[in-house]
Amino acid sequence: MTKRWSGYNNVGICAAALLAVLARAKQLSVAKALLVMPIVMHDATIRHMGNGNIAFREVAGLVADRPDLFVNFNSRFEESLTTSVNAIQWIVAAGYASFDGKLILLKPLRIDASFGKRAQRIEKAAAHIAAVLAAPADELYLNFRVQL
């Protein structure tokens, strides 16, 4: 079976998502940066994390409370690896972040209406995503059931 390219989940949206999360977290390990795209490529997860009425939960609590958001997380992770690595390279080359074993925000990206509604939804969810990614990487990979 040949995989088809989906323009919906592209390097641009991944770079914007990474920069939105970095604006809150200030730095991310590569292991954590690779988890951003599988989160944002799932519309139900973005809707949930962008909801201002939800309280921050530890990653285990989030997965236990909303397992439907993480059922196919491993396949989303695998599908997004190339896009995520390319986006990381792009934001470093463009001067938005530096890389020295981890991504460090150098200058924020201002996401406004010109980026479109999807980017704005990701921007709205970025604080919750950054809060979830504050957990240790091994705990995140375990709870999200990523198979390495």
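How do strand 1 and strand 3 pair, and over how many bridges? Strand 1, residues 27–29, pairs with strand 3 in the antiparallel sense, over 3 bridges, where two strands are said to pair if DSSP finds at least two bridges between them. Helices (H or I, at least four residues) and strands (E, at least two) are DSSP runs numbered from the N terminus.

Before I go further, a word on the model. This is a predicted model, in which local features need pLDDT of at least 70 and side-chain atom pairs count only at pLDDT 80 or more, while totals for chains, interfaces and linings use all residues. Residues are numbered from 1 along each chain as its sequence is written, and side-chain values use heavy atoms, with hydrogens and water left out.

On one side of strand 3, Lys 102 is the bridge partner of Ser 29. Strand 2, residues 97–99, is joined to strand 3 by 3 bridges and runs antiparallel to it, with Phe 99 opposite Leu 103 and Ser 98 opposite Ile 104. Strand 2 and strand 3 form a hairpin with 2 residues between them, and in that turn Gly 101 has a positive phi of about 85 degrees.

In a regular strand the side chains alternate between the two faces of the sheet. Strand 3 has a covered face, Leu 103 and Leu 105, and an uncovered one, Lys 102 and Ile 104.

Axes here are lines fitted to C-alpha atoms, for helices over the stretch in contact, and angles run from 0 to 180 degrees between N-to-C directions. Thr 83 is found in helix 5, and leaving aside neighbours within four places in sequence, Thr 83 is in contact (heavy atoms within 4.5 Å) with Asn 9, Asn 10, Val 11 and Cys 14.

How does helix 1 meet helix 2? Their axes come within 9 Å and cross at roughly 115 degrees. Ile 13, Cys 14, Ala 17, Leu 18 and Val 21 in helix 1 meet Ala 33, Val 36, Met 37 and Val 40 in helix 2. Helix 2 is mostly covered, since 9 of its 11 residues are buried, where buried means under 20% relative accessible area, exposed over 50% and partly exposed in between (1.4 Å probe, protein chains only).

Finally, the core. The largest nonpolar core has 49 residues, and those with the most contacts inside it are Leu 35, Ile 91, Ile 129 and Phe 144; such a core is a set of buried Ala, Val, Leu, Ile, Met, Phe, Trp, Tyr and Cys residues joined through side-chain atoms within 4.5 Å. Its largest share, 10 residues, comes from helix 1. Not counting residues up to four places away in sequence, Phe 144 touches Leu 35, Ile 39, Val 59, Val 63, Phe 70, Phe 73, Asn 74 and Val 132.
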